[in-house]
Amino acid sequence: MKTVEQHISDVLDLVRPLDPIELDLLRAHGGVLAEPVASPVSLPAFDNSSMDGYAVAAADVAQATAQAPVRLPVVADIPAGDPSATAVRRGHCARIMTGAPLPRGADAVVPVEWTDGGQAEVAISRPVRPGNAVRRVGEDVEKGTTVVHRGARVGGAELAVLAAVGRRAVRVHPRPRVVVLSTGAELVEPGNPIGPGQIWESNSYMLTAAALDAGCAAYRHGFVGDDPATVLRTIEDVLVQADIVLTTGGVSMGAYDVVKEVLSGLGTVRFEQVAVQPGKPQGLGTVGDPATPILTLPGNPVSSFVSFYLFVLPALRRLRGLPPDPLPSVHARLAAPVRHSPPGRRSYLRAVLEYDHAAGGTGYTAAPVSRQGSHQLSALAEVNALVVVPENTTELPEGSVVEVLQLPTGA
Ligand SMILES: Nc1nc2c(c(=O)[nH]1)N[C@H]1C(S)=C(S)[C@@H](COP(=O)(O)OP(=O)(O)OC[C@H]3O[C@@H](n4cnc5c(N)ncnc54)[C@H](O)[C@@H]3O)O[C@H]1N2
Ligand code: MOO
């Protein structure tokens with residue numbers, strides 16, 4: 001059987017970062033920046049007030065006290081956005097609002113709270129230091145500085161910075177289009193009645209949501225039965241809208257394992273067994289022209305789930321133009337023993353990972369759930385981590401220190 005690392009490497013060989021395209025700001029959301037963005041201006045672009053108050057020469061109010069306020073004539077009113085280059089002479093001041101340009105001649109702002117709020121003349125009851133409540137040119141960004149780096153994920157914070165330096169559009173690796181297709185004659189759409197031997201379809205919901213959470217544009221194509229011609233036609237149909245196709249089911253040894261039957265020999269798809277539990281039967285390759293990567297995951301819901309985080313997620317990251325990192329991991333103490341792990345296969349046990357505050361903050365504990373079958377999907381809604389049990393380990397006592405992968409927390 002193939003190692004987990006070899007399979008990850010083979011999957012990654014199928015994908016490369018999507019070609020960058022120029023997108024308007026909000027369309028670029030979720031993309032990965034394919035160019036460094038430098039600011040064409042300094043930020044702030046002009047000295048301005050950080051408070052509503054009065055722009056003064058600090059020296060004019062040096063003697064101000066509550067008992068003996070300094071009175072200054074107010075010669076101008078400067079709102080934010082004021083284009084006139086106002087100036088104040090010594091012994092005068094201007095009323096000024098937050099964000100408004102500091103007038104020439106002023107070197108400080110007295111907050112309105114320290115005054116009587118006068119409009120023609122103002123009484124100022126406290127002194128200020130030069131520079132008080134003044135935001136200086138370039139103290140945020142100096143003109144020419146890179147403000148968002150190549151490889152950054154464009155989220156809300158990045159969009160704010162890009163907009164603030166005047167960018168309307170940026171070159172990004174776009175969100176990969178992931179099409180999810182499940183197979184199986186037993187599958188029924190949730191909400192519809194089920195008959196004997198049937199089950200409600202769940203894998204495509206899980207995978208579509210996981211791909212969305214991973215920053216992709218994911219489409220749930222739903223599911224098809226076990227008719228080879230239909231499966232083939234459906235896969236061919238979805239290729240035009242996919243940067244990668246994910247299927248579930250029909251890849252094992254069964255007489256009706258239709259994905260395997262249809263895709264074997266098509267494009268470069270091959271079917272292999274990976275030394276992992278769950279998630280042993282895996283298919284991978286490219287189909288169509290242009291060649292589109294396809295990953296065929298096992299139908300057991302827990303196998304599909306674990307396969308996504310081990311094998312699919314790194315591929316999606318590479319398509320996005322990100323490093324194909326695995327899930328983040330920590331070391332944790334097992335809260336319960338592991339009694340049986342299959343020899344020769346690396347197990348990923350679904351577990352609840354917690355930081356152990358009670359033990360004085362000594363680290364994490366991981367409690368594997370009791371239902372570890374590949375079909376026992378209900379535990380997926382309770383867990384937040386995968387405990388890694390190495391290939392050559394078949395049992396572990398409680399308290400053993402293990403590697404634990406942290407699952408994303410979702411939307
Ligand atoms: N003789 C052997 N049998 C099996 C082997 C093997 O090595 N030899 N491997 C087992 C392992 S491990 C796995 S994992 C499964 C993988 O099977 P398939 O990928 O062919 O999946 P199916 O047979 O189509 O379905 C398996 C199971 O999952 C349910 N299922 C399928 N699709 C969905 C869905 N979209 N939503 C919810 N549940 C789904 C399906 O009803 C089956 O119960 O093969 C083992 N067998
Ligand atoms: O490998 Mo299968 O994925 O055990 O259930």
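## Sheet, domains and ligand shells of a predicted model

Five strands form an open sheet in the order β8-β5-β7-β6-β9, with mixed pairing. Strands are DSSP runs (E, at least two residues), as helices are (H or I, at least four), and both are numbered from the N terminus. Two strands pair if DSSP finds at least two bridges between them. At the edges of the sheet lie β8 (108-111) and β9 (121-124), each of which pairs on one side only. Direction ignored, neighbouring strands are turned by 40° against each other on average; the axes are lines fitted to C-alpha atoms, and angles run from 0 to 180 degrees between N-to-C directions. Strand β5 (residues 53-56) runs antiparallel to β7 (residues 93-96), and 3 bridges join them. Gly 53 has Ile 96 in β7 as its bridge partner.

This is a predicted model, in which local features need pLDDT of at least 70 and side-chain atom pairs count only at pLDDT 80 or more, while totals for chains, interfaces and linings use all residues. Residues are numbered from 1 along each chain as its sequence is written, and chains are lettered from A and ligands numbered from 1 in the order in which they are written.

The protein has 7 helices and 26 strands. Its domain assignment gives domain 1 (4-18 + 176-320), domain 2 (21-43 + 139-173), domain 3 (48-135) and domain 4 (329-406); such bounds come from an automatic or database assignment. The C-alpha centres of domain 1 and domain 3 are 66 Å apart.

The C-alpha trace spans about 95 × 55 × 40 Å along its principal axes. The radius of gyration is 31 Å, whereas a compact globule of 411 residues would have one near 22 Å. That radius is taken over C-alpha atoms, and the globule rule is 2.2 Å times the number of residues to the power 0.38.

Two ligand shells are described next. A residue counts as near a ligand if its C-beta atom, placed from the backbone, lies within 6 Å of it. Around ligand 1 there are 28 residues, the closest being Ser 182, Asn 203, Gly 249, Ser 252 and Gly 299. Helices α4 (203-213) and α7 (301-320) each supply at least two residues of this shell. Ligand 2 is surrounded by Gln 277, Pro 278, Gly 279, Lys 280, Pro 298, Asn 300, Ser 303 and Ser 374.

| Shell | Nonpolar | Polar | Charged |
|---|---|---|---|
| Ligand 2 | 2 residues | 5 residues | 1 residue |

In these classes, Ala, Val, Leu, Ile, Met, Phe, Trp, Tyr, Cys and Pro count as nonpolar, Asp, Glu, Lys and Arg as charged, and the others, Gly among them, as polar.
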